[in-house]
Amino acid sequence: MTTSTNTPSTPTVQSVLAADMQEFIRLHRTDDVRTLALRAPRNATFDLTLALEQIAGWQTARRKLPKWAECEGLIYPPHLSMEQCSSEATARYKAAVAARLIGVGVGDAASATAMADLTGGFGVDFSFLAPLFGSAVYVERNPRLCEVARHNMPLLGLESAEVVCAEAEERLAAMSPVTMLFLDPARRDSHGGKTVAMADCSPDVSALRQLLLQKAQTVVVKLSPMLDWHKAVADMCGSVAEVHIVGTGGECKELLLVADGACHESVEVTCWSDGRVFCFTADGTDTVLPPIAEAAVLMGCGADLLAEHHHRLVQ
């Protein structure tokens with residue numbers, strides 16, 4: 001059974017599961033949310049804003065997370081969390097990378113392994129990574145997201161997942177060592193503006209590097225595709241073994257760093273876009289790039305975007 005540690009009770013789950021709200025959601029699931037907001041009855045016996053949030057969340061999931069959208073009873077978080085969460089395609093890619101790193105097949109689990117996601121969010125990446133491990137812990141500082149995860153994970157087949165409401169830094173300091181740590185640092189500042197430097201994200205993975213590597217054999221970090229990955233690798237002081245540039249739908253979506261306790265003089269770089277892959281090796285002085293036309297084809301861009309993708313790869 002999914003367990004929750006230090007998670008304050010919130011009314012969100014109970015409110016969404018109320019019969020009158022569920023009936024409203026069922027009847028209007030495919031309606032335009034903006035139109036529905038204007039036409040919905042103002043004397044509703046339930047929280048109309050919350051109901052509209054659930055409808056909008058399901059509509060986003062149907063496009064972005066089809067496996068989740070097919071699962072009845074899931075509760076969706078506020079718009080920002082839906083906007084920032086991984087797509088199913090990129091989450092599956094991360095699961096494939098993790099499976100290779102720990103030596104299991106996708107869909108299998110290594111019973112003697114453990115992982116923790118220190119920045120759980122909506123839990124999309126966690127839901128695809130957790131089945132690979134013997135035990136898995138979802139950590140999130142937002143109490144509402146913890147309540148949502150506590151409700152959703154059993155519906156997704158993760159009955160044994162542990163949900164912990166805590167700051168990433170606090171949990172990291174207190175936890176026992178695990179096989180893998182995953183982090184997706186928040187990339188918005190206190191004013192809601194986007195940040196791209198790793199040191200400006202929360203938590204600052206570069207500042208936590210030594211402790212992260214003490215607590216895990218492998219650390220996987222998801223970062224903004226706008227980030228200068230050379231700088232990110234340098235900030236991790238030689239611990240990065242792999243960089244993954246992940247794209248879908250013709251857009252570069254995220255950057256993954258795979259770090260471990262070794263000291264790496266070169267980095268294996270993998271570019272992946274909707275199943276198309278090419279790899280190259282970068283070291284501290286030279287970067288060996290494949291023909292840039294191949295990169296453009298891989299990322300699904302036309303000639304007008306060729307220069308832009310060249311700039312991304314060189315970065």
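**Figure 1. The largest pocket of the predicted model.** In this predicted model, the largest pocket holds about 1300 Å³ of space. Its lining is made up of 50 residues, and those closest to the centre of the pocket are L80, Q84, C85, D184 and R187. By residue class, the lining divides into 19 nonpolar, 15 polar and 16 charged residues.

**Figure 2. Elements that supply the lining of the largest pocket.** At least two lining residues each come from α6 (79-84), α8, β3, α9, α10 (168-174) and β8 (251-260). Helix α6 gives the largest share, 4 residues.

**Figure 3. S81 in helix α6.** Helix α6 also contains S81. This residue counts as buried because its relative accessibility is 18%, and the cut-off for a buried residue is under 20%. In sequence, S81 and L145 are 64 residues apart, while their C-alpha atoms are 9.0 Å apart in space.

**Figure 4. The aromatic pair of F126 and Y138.** Over the whole structure, a search finds 6 aromatic pairs. In one of them, F126 and Y138 are arranged edge-to-face, with 5.8 Å from centre to centre and 75° between the planes. The pair links distant parts of the chain: F126 belongs to helix α8 (residues 124-129) and Y138 to strand β3 (residues 133-140), 12 residues apart. F126 and Y138 are both buried. Helix α8 and strand β3 are also among the elements that each supply at least two residues of the lining of the largest pocket.

**Figure 5. Further arrangements at aromatic rings.** W68, Y76 and F122 are linked into a cluster by ring pairs. In a separate arrangement, R29 lies over the face of W58, and the distance from the ring centre is 4.6 Å.

Figure 6. Helix α9 covers residues 143-155 and includes L155. With a relative accessibility of 38%, L155 counts as partly exposed. When neighbours within four places in sequence are left aside, the contacts of L155 are with C71, E72, G73 and L74. One of these residues, G73, is 82 residues from L155 along the chain, and the two C-alpha atoms are separated by 7.5 Å. Helix α9 is also one of the elements that each supply at least two residues of the lining of the largest pocket.

Figure 7. Strand β9 (residues 266-273) contains T270. The relative accessible area of T270 is 13%, so the residue is buried. Apart from neighbours within four places in sequence, T270 is in contact with Y93, V243, H244, I245, V277, F278 and C279.

Figure 8. The loop between β9 and β10 (276-283) contains D274. D274 is not a glycine, yet its phi is positive, at about 50°. Its relative accessibility is 40%, and D274 therefore counts as partly exposed.

**Figure 9. C237, a second residue with positive phi.** C237 has a phi of about 55°, a positive value, although the residue is not a glycine. The loop that holds C237 runs between α12 (229-235) and β7 (240-248).

**Figure 10. The cis peptide bond at P203.** From S202 to P203 the peptide bond is cis, and omega is near 0°. P203 is placed in the loop between β5 (178-183) and α11 (209-215).

**Figure 11. A18 between two helices.** A18 is found in the loop between α1 (12-17) and α2 (19-28). It is partly exposed, with a relative accessible area of 28%. A18 and F46 are 28 residues apart along the chain, and 8.2 Å separates their C-alpha atoms.

**Figure 12. The whole protein, as context for the close-up views.** The protein has 14 helices and 10 strands. Of its 315 residues, 51% are buried. Among contacts between residues at least 6 apart in sequence, 64% join residues that are at least 24 apart.

Terms used: Residues numbered from 1 in each chain as written. Predicted model: local features only at pLDDT ≥ 70, side-chain atom pairs only at ≥ 80, totals over all residues. Heavy atoms only, no water. Phe/Tyr/Trp six-rings, centres within 6.5 Å; stacked < 30°, edge-to-face > 60°. Buried < 20%, exposed > 50% of the residue type's maximum accessible area, 1.4 Å probe, protein only. Lys NZ or Arg CZ within 6 Å of the ring centre and 35° of its normal. Contact = heavy atoms within 4.5 Å. 1 Å grid on protein atoms, 1.4 Å probe; cavity = no way out; pocket = protein on both sides within 12 Å on 5 of 7 lines; lining within 4 Å. Points joined across faces, edges and corners; volume = space filled by probe spheres on them. Nonpolar A, V, L, I, M, F, W, Y, C, P; charged D, E, K, R; others polar.
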